[in-house]
Amino acid sequence: MASETSVDYNRTKEFKEFDDTKAGVKGLVDAGIVSIPKMFIRPAEEAVEELNSSQSNTEVPIIDLSNIQDGSRRKQIVDEVRFASEEWGFFQVINHGIPLTVLDDMIDGVRMFNEQDLELKKELYTRDPTEKVRFCSNFDLYASQTADWRDTLTFSFRDDDIDPNEIPALCRKSTLEYAKYLRKLGETLFELLSEALGLQADHLGSMGCAKGFSIVCHYYPACPQPELTLGARRHTDAGILTLLLQNEISGLQVLHEGQWFDVPPSRGALVVNIGDLLQIISNDKLKSVKHRATASHVGPRISVPFFFSGHASMFHKPFGPIKELTSEANPPRYKEVELGEYGARFYSRSLDNKPLIDYYRL
């Protein structure tokens, strides 16, 4: 028992010393480390999973959204969205109407923020999830077994629009422009997903699915021992829908049929994945699947997930399987949950704990 207490104490001490620097993972790299601290080293048994990484040419579906208003073309797109969401839980979209300059500027803004003077970044360092703009490394640091090799800048638009002056000047314009385009694309995707479920095109939108979002900017520095750690542990996304922008460095992997598949970056493409809440309200029709990000000798890798997670005004609204998708033969598989309680549970747990969705399964 004494040895367990000692181990726990040392682990907590290491986490706190790292946290107190407010310099994040980039601070370790800037200090010139050649071996990663123990707090980042994942359990040895996880390394066995590497044997399950797929070497096949199978790819996450890529869906072309061009000519989406053409009747027959739209039906084809809806069919592709249905297949990808039911079988993979992930797909990439191209020809989505967002200018390349908007995507490139967002990536550049995230890079500039992370590579500016540390003292300026420290001003935003916090673990308070109620702060609309916050910078930290590993939101679940003290609840997790190991830490991820990344730093994160978060913008939360879940109640009202953020005051532009709260956004760091280095990425203010690019973030506001990115948010404008991603919100519009999200509305389009919720229409397609509604139709894929056999519902009216405005069904998910009328439930408020496209309201309330967060932009989470991950910065993964080059890692001296990438085989020992991960950029992000395996997890599912707790929200409704995620749209992901990534720079040219690979790292994202999706678990499909027991194997890890790479989702290689493609300039201009955005990755879309189903969140746990969308699996709940679709009554398991659409799949929220596990994914992770590997670490790399090359860096920085930058990814910017745009999470649709529901508006703050909906926090007391119960979410459960859509009635039109249930029947006597296909009863609800989940109990209803209030969005506020769901969010509180998310922030009180570790990313690598059991999936949030399992707490609500009937």
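Trainee: Which residues lie nearest the centre of the second largest pocket?
Mentor: Keep in mind that this is a predicted model. Nearest the centre of that pocket lie Pro-129, Thr-130, Ser-156, Arg-158 and Phe-315. They belong to a lining of 15 residues.

Trainee: Which helix gives the largest share of that lining?
Mentor: Helix 9, residues 339-347. It supplies five residues.

Trainee: And how does the lining of the second largest pocket split by class?
Mentor: Five nonpolar, five polar and five charged. The space in this pocket is about 330 Å³.

Trainee: What about cavities? How many of 30 Å³ or more turn up in the whole structure?
Mentor: The search finds one. The largest cavity holds about 40 Å³ of space.

Trainee: What lines the largest cavity?
Mentor: Tyr-220, Pro-221, Ser-250, Thr-294, Ala-295, Ser-296, Val-298 and Arg-301. By class, that lining has four nonpolar residues, three polar and one charged.

Trainee: New topic. What order do the strands take in the open sheet?
Mentor: The order is 1-2-10-7-12-5-4-3. That is eight strands, with mixed pairing.

Trainee: Which strands stand at the edges?
Mentor: Strand 1 (62-64) and strand 3 (133-136). Each has a single partner strand, so one side of each has no neighbour in the sheet. From one strand to the next, the twist averages 20°.

Trainee: Do strands 7 and 12 run parallel or antiparallel?
Mentor: Antiparallel. Strand 7 (residues 241-246) pairs with strand 12 (residues 301-308) over six bridges.

Trainee: Which strands does helix 3 touch?
Mentor: Strand 1, strand 2 (90-94) and strand 10 (270-274). Helix 3 packs on the sheet, and its direction makes about 160° with that of strand 1.

Trainee: And helix 6, what does that touch?
Mentor: Helix 6 also packs on the sheet. It touches strand 2, strand 4 (151-157), strand 5 (213-220), strand 7, strand 10 and strand 12. The direction of helix 6 makes about 55° with that of strand 12.

Trainee: At what angle do the axes of helix 3 and helix 6 cross?
Mentor: Roughly 80°. That makes helix 3 roughly perpendicular to helix 6. Their axes come within 9 Å.

Trainee: Which residues meet there?
Mentor: From helix 3, look for Arg-74, Ile-77, Val-78, Val-81, Arg-82 and Ser-85. From helix 6, look for Glu-191, Leu-192, Leu-193, Glu-195 and Ala-196. The contact has six nonpolar residues, one polar and four charged.

Definitions and conventions. Residues numbered from 1 in each chain as written. Predicted model: local features only at pLDDT ≥ 70, side-chain atom pairs only at ≥ 80, totals over all residues. Heavy atoms only, no water. Axes fitted to C-alpha atoms, helices over the stretch in contact; angles between N-to-C directions. Helix = DSSP H or I, 4+ residues; strand = E, 2+ residues; numbered from the N terminus. Parallel < 35°, antiparallel > 145°, perpendicular 65-115°, else oblique. Contact = heavy atoms within 4.5 Å. Nonpolar A, V, L, I, M, F, W, Y, C, P; charged D, E, K, R; others polar. 1 Å grid on protein atoms, 1.4 Å probe; cavity = no way out; pocket = protein on both sides within 12 Å on 5 of 7 lines; lining within 4 Å. Points joined across faces, edges and corners; volume = space filled by probe spheres on them. Pairing = 2+ DSSP bridges.
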